[in-house]
Amino acid sequence: MGEDILVAFRGVQKTYDGDTLVVKDLNLDIRRGEFLTLLGPSGSGKTTSLMMLAGFEVPTQGEILLDGVSLHNMPPHQRDIGMVFQNYALFPHMSILENVMFPLRVRKVPRAQARARALDALAMVRLEGLDARRPAQLSGGQQQRVALARALVFQPQLVLMDEPLGALDKQLREHMQMEIKHLHARLGVTVAYVTHDQTEALTMSDRIAVFNDGIIQQLDSPRGLYENPRNSFVAHFIGENNVLHGHVESQDGERALVRLEDGQCLRARCPRATLRGSRTSVSIRPERLHLEEIGSDVNALPGMVEEVIYHGDHVRLRARVAGNEDFTIKLRYRVSRPIPEPGDAITVSVAVEDCLALDPIG
Amino acid sequence: MSQPLTLKARLHRAERRRKLGAFALVAPLLLFLLVTFLVPIADMMRRAVHDPELSQVWPRVCGAIDTWTDRAHLPGESVFAALAADIQESHKARTLATAARRLNYDAAGARSLVFGTARALPSRASSWTETLIAIDERWANPEVWAAVARASGPLTSFFLLQAVDLERSPTGGLRAAPPDESIYVDVLTRTFVVAFSVTGLCLLLGFPVAYLLANLPDRLAYPLMILVLLPFWTSLLVRTAAWVVLLQDKGLVNEFLMTLGLIDDPLRLIFNRVGVVIAMTHVLLPFLILPLYSVMKGIKPVYMRAARSLGAPPTVAFVRIYLPQTLPGIGAGTLLTFILALGYYITPALVGGASDQMLSYFIAFYTSDTVNWGMAAALGTVLLAATLILYSVYSRLVGHGQVKPA
Ligand SMILES: Nc1ncnc2c1ncn2[C@@H]1O[C@H](COP(=O)(O)OP(=O)(O)OP(=O)(O)O)[C@@H](O)[C@H]1O
Ligand SMILES: [Mg+2]
């Protein structure tokens with residue numbers, strides 16, 4: 001597939017105070033039409049990157065290309081980039097309709113035509129009949145939709161969203177996630193989305209760039225990130241993981257033999273080349289663990305149940321396994337299957353495929 | 001046996017207690033305002049139309065003059081007789097001066113008329129009409145009698161009319177006052193023009209300062225804020241005197257300009273309109289800056305960013321997004337400045353020329369120099385009315401919710 005790049009960050013750095021680089025050497029391509037999410041913990045430089053793209057911050061180093069054209073020295077209003085802010089930033093002194101008409105009016109679209117297009121945009125986000133109201137008279141979810149309509153109405157090729165759902169409650173949030181995703185699919189607009197909620201990132205994005213310390217740790221599809229995290233940070237930031245610390249005994253291609261701290265040996269997938277004897281942390285997802293036999297090419301670890309937590313659709317066991325007291329096992333709940341009790345000795349099986357030996361933590 | 005109360009009654013009782021509590025909290029302030037604000041204003045408005053002076057010293061003629069209906073001709077003999085009796089009595093009681101002063105407000109020369117008549121008046125006469133006219137023929141002028149009638153109280157429109165340069169003709173209709181007495185419309189216009197210029201200048205100078213204060217980091221904004229507040233901590237007299245020092249013919253400003261060779265003769269900067277506007281603008285500037293600042297401080301920068309991202313160039317974003325959001329502050333600040341400027345006294349009195357005195361100067365003049373309470377009250381009432389009318393027009397223009405600090 002020929003990649004059609006819309007936005008390219010080339011060696012971008014940013015410092016606010018001249019001491020610390022908030023963004024260090026950012027190289028990122030955003031493909032035309034894709035939904036790309038910048039995901040990362042607070043303070044990792046997501047907003048800063050977005051603001052540089054929007055034109056509100058200037059890169060200290062490097063350049064940003066939009067459609068092959070350098071954005072250097074191009075003021076924000078000429079970039080033709082739609083933006084949805086975390087607290088919507090709807091103009092409080094204008095009605096809903098005027099808010100959505102604003103980007104068209106400043107582009108000198110005639111009033112009647114602007115009005116028709118704004119009403120269309122409001123209908124698109126399913127907000128009919130509220131156009132005369134002021135933003136303060138709308139609920140959070142409704143304001144969110146107005147902000148979306150306003151950012152999309154002038155048909156920008158790129159829309160930036162900085163934690164647009166951060167202020168909504170969980171249910172509304174999930175609903176809006178789907179709605180934004182469907183809008184994206186329908187309009188084919190390119191979206192750069194910022195969040196620190198990994199579930200949101202996983203469910204909405206085509207690709208996710210995981211940020212930490214001003215560096216992209218990994219850029220991949222949600223599935224790629226979940227199944228093949230490149231390092232321990234990504235493995236732990238996306239989804240849950242159990243960690244077992246140890247040393248690499250030997251490596252053969254992508255397979256490694258790891259000696260855990262309590263002396264047991266574990267076979268694991270090891271995507272990067274390591275030296276014999278180097279420290280490693282093995283990540284194992286709780287839902288990939290089993291208490292029964294699951295065939296060949298598995299690791300079997302003895303353990304002891306500490307706590308059983310019933311979650312309805314599944315059961316979580318907290319167990320002591322290979323020196324880790326917080327080892328979590330997520331079991332599909334079936335009435336027919338007996339659940340172990342605290343104090344029971346168990347043997348945990350996990351496919352070698354599902355054990356990932358990554359860089360050491362701590 | 002007590003009946004169980006209905007739900008409504010219990011709610012009512014609970015509400016009443018809450019309301020009483022709330023009332024008790026504001027009661028002291030209410031009482032204070034009543035005594036120090038509402039009652040004086042009501043009293044001032046009463047004095048503007050209340051006119052008991054003449055009827056107290058000349059009760060007979062004030063009562064009798066009601067019978068005078070044909071204003072084109074002289075009143076009847078009974079009225080002349082009542083006047084003679086009143087003059088004799090008040091001459092003895094030494095209250096003649098009160099009557100003379102009150103009549104003199106309305107009819108120039110009435111003072112000499114009254115005293116002259118009192119000295120020449122015989123104790124007995126067959127026709128008081130002829131006797132009085134013989135003493136002074138001005139008693140044959142219906143205008144003089146009209147002045148007596150207007151002063152007969154207890155209510156009068158005389159002061160209020162004079163405050164807007166109107167007067168009653170002898171037949172009771174309204175007409176413009178003679179040109180040499182018509183000064184108050186001019187004064188009122190001048191008061192509004194000065195207040196308007198001062199407000200405009202304050203807005204022009206204050207808006208950028210408020211904007212700067214609201215958008216600078218706190219570290220820099222606080223020292224600047226102190227500079228803005230500094231005038232509040234200096235005596236008004238000191239500040240006004242300082243302007244005199246600065247702006248006089250041999251003052252710093254003129255000396256400086258002359259040293260630079262920009263001007264050859266000193267500019268007249270003080271004891272005229274320029275001085276009044278400069279000094280008042282300086283005094284009133286903080287009253288505009290502070291409300292504007294507090295409103296601007298509440299406008300989040302994200303709105304400007306949003307506008308820019310939606311395609312608005314900086315100036316358009318400023319005019320369409322920022323400016324409208326500062327309107328409540330502009331509204332509150334200009335209204336406050338304007339109303340303060342309308343009633344300003346000390347500064348224009350000290351740095352203004354004779355032809356720059358504002359309404360407040362005349363109110364003070366009538367209160368303390370001539371003790372003409374009626375006129376002082378009437379001017380005060382006119383000022384109050386003009387201010388209220390202006391306020392209602394303004395709040396309608398700017399929108400009701402807008403005239404308030406954030
Ligand atoms: N205007 C600014 N001036 C100085 N430092 C800033 C500024 N904006 C952000 N920073 C710093 O830059 C770093 C990255 O901030 P940024 O807002 O990009 O993080 P983020 O990834 O968006 O975090 P969050 O998820 O909390 O929004 C932070 O350490 C922050 O303190
Ligand atoms: Mg952020």
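What follows is a chat about a predicted model, covering an interface, a ligand site, some record annotations and a few local details.

Reader: OK. How many residues from chain B and chain A are in the contact?

Author: Chain B gives 17 residues to the contact and chain A gives 23.

Reader: And what area is buried between chain B and chain A?

Author: About 1,800 Å² is buried between the two chains, and carbon and sulfur atoms give 70% of that. On the side of chain B, R305(B), S309(B) and L310(B) lose the most area to chain A, and together they make up 38% of what that side buries.

Reader: How many salt bridges does the rule find across that interface?

Author: One salt bridge is found between chain B and chain A. The side chains of E57(A) and R305(B) meet in a salt bridge, at 3.7 Å from N to O.

Reader: Why can side chains like that pair?

Author: Side chains of opposite charge can pair when their charged atoms come close.

Reader: How many residue pairs are in polar contact between chain B and chain A?

Author: Three residue pairs, with both residues at pLDDT 80 or more. On the side of chain B that touches chain A, the elements giving two or more residues are α15 (301-309) and α16 (314-342) of chain B. α15(B) gives the most to that side, with seven residues.

Reader: What is that side of chain B like by class?

Author: The side of chain B that touches chain A has eleven nonpolar residues, three polar and three charged.

Reader: Switching topic. Which residues surround ligand 1?

Author: The residues around ligand 1 include Y16(A), V22(A), P41(A), K46(A), T47(A) and H196(A). Also among them are S42(A), G45(A) and E163(A).

Reader: How far is an oxygen atom of ligand 1 from the side chain of S42(A)?

Author: An N or O atom in the side chain of S42(A) is 2.4 Å from an oxygen atom of ligand 1. For G45(A), a backbone N or O atom lies 3.0 Å from a ligand 1 oxygen atom. For E163(A), a side-chain N or O atom is 3.3 Å from an oxygen atom of ligand 1.

Reader: What does UniProt list for chain A?

Author: An unreviewed UniProt entry lists "domain: ABC transporter" at residues 7-238 of chain A. Over residues 7-238, chain A is 36% helix and 26% strand, with the end C-alpha atoms 25 Å apart.

Reader: And where in chain B does UniProt place "domain: ABC transmembrane type-1"?

Author: The unreviewed entry places that feature at residues 188-394 of chain B. Over residues 188-394, chain B is 78% helix and 0% strand, and the end C-alpha atoms are 18 Å apart.

Reader: Which residues of chain B does the annotation "transmembrane region" cover?

Author: In the unreviewed UniProt entry, the annotation covers several stretches of chain B, including 220-246 and 270-295. Over residues 270-295, chain B is 88% helix and 0% strand, and the end C-alpha atoms are 35 Å apart.

Reader: Last one. What is phi of R126(A)?

Author: Phi of R126(A) is near 55°, a positive value in a residue other than glycine. R126(A) sits in the loop between α3 and α4 of chain A. Most residues other than glycine have a negative phi.

Technical notes:
Residues numbered from 1 in each chain as written. Chains lettered and ligands numbered in written order. Heavy atoms only, no water. Contact = heavy atoms within 4.5 Å. Buried area = accessible area lost by both parts, 1.4 Å probe. Salt bridge = Lys/Arg side-chain N within 4 Å of Asp/Glu carboxyl O. Polar contact = N/O pair within 3.5 Å; in protein donor to acceptor, adjacent residues only side chain to side chain. Helix = DSSP H or I, 4+ residues; strand = E, 2+ residues; numbered from the N terminus. Nonpolar A, V, L, I, M, F, W, Y, C, P; charged D, E, K, R; others polar. UniProt positions renumbered as here; feature names shortened; annotations may be inferred. Near = heavy atom within 4 Å.
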